[in-house]
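This report describes one protein chain, going from the overall fold to single residues.

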Amino acid sequence: MEPRKRPEYVLEVLADPTCVKDIVRGILHTIFFHRYFPPMRPSSLEVLDLTLPVVADPELETLIETRVGQLVRQLSSTSSSTGGSRGELDVRFYEKRRRKASGLGGWLTGTGKSDDEVCWEVWKLKITLTNPRTETGKTTCLRRHSLIDS
């Protein structure tokens with residue numbers, strides 16, 4: 001029997017440099033909200049007139065802030081006056097699976113069982129910064145990326 005292929009979700013994000021941090025934070029919190037298993041008290045975050053769920057966990061919040069900060073620094077260091085800077089952020093979920101002993105040799109040497117980390121889901125965020133100078137430029141940019149109907 002062939003092992004099941006893990007799902008991989010790709011989200012392409014087009015953002016203005018002034019709001020990219022909030023947009024990426026909102027997306028990451030939404031992903032983690034739906035994958036966070038311990039009991040929690042939900043919170044919310046307002047991003048671009050949308051209310052998004054947030055996991056109110058200090059350790060997770062610190063991790064998200066750190067990764068988003070690194071991404072924003074990378075994007076701003078490579079951006080030009082016309083925008084177009086790109087970056088990618090992957091979120092991978094792992095589970096530990098017990099590896100079974102391989103014959104009598106593993107039992108004798110004590111190396112028969114160990115844990116393997118197996119990835120069961122991947123989210124890829126592909127972020128593109130845009131910096132249109134006019135309303136027409138913003139509309140053209142949105143159409144080009146299929147965010148609105150023409």
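The protein chain has an average pLDDT of 80, and 73% of its residues score at least 70. Here pLDDT is the predictor's confidence in each residue, from 0 to 100. This is a predicted model, in which local features need pLDDT of at least 70 and side-chain atom pairs count only at pLDDT 80 or more, while totals for chains, interfaces and linings use all residues. Residues are numbered from 1 along each chain as its sequence is written, and side-chain values use heavy atoms, with hydrogens and water left out.

The secondary structure comes to four helices and five strands. Helices (H or I, at least four residues) and strands (E, at least two) are DSSP runs, numbered from the N terminus. Along the sequence their pattern is β-α-β-β-α-β-α-β-α.

| Element | Residues | Mean pLDDT |
|---|---|---|
| Helix H3 | residues 103-109 | 55 (lowest) |
| Strand E1 | residues 8-15 | 94 (highest) |

Over residues 144-150, pLDDT stays under 50. For this stretch the model has seven contacts (heavy atoms within 4.5 Å) beyond four places in sequence. In the whole chain, 64% of the contacts with a separation of 6 or more are between residues 24 or more positions apart.

Strands E2 (residues 42-47) and E3 (residues 50-55) pair in the antiparallel sense over six bridges; two strands pair if DSSP finds at least two bridges between them. Leucine 45 stands opposite leucine 52 in E3. The two strands form a hairpin with two residues between them, and leucine 48 in the turn has a positive phi of about 50°.

Helices H1 (residues 20-35) and H2 (residues 58-78) have axes that come within 10 Å and cross at roughly 140°. Axes are lines fitted to C-alpha atoms, for helices over the stretch in contact, and angles run from 0 to 180 degrees between N-to-C directions. Residues of H1 including Val24, Leu28 and Phe32 meet residues of H2, among them Ile64, Val68 and Leu71.

Buried residues make up 29% of the 150 residues in the chain. Buried means under 20% relative accessible area, exposed over 50%, partly exposed in between (1.4 Å probe, protein chains only). Threonine 128, found in strand E5 (residues 114-130), has a relative accessible area of 14%, so threonine 128 counts as buried. Not counting residues up to four places away in sequence, threonine 128 touches Val13, Leu14, Ala15, Ser85 and Arg86.
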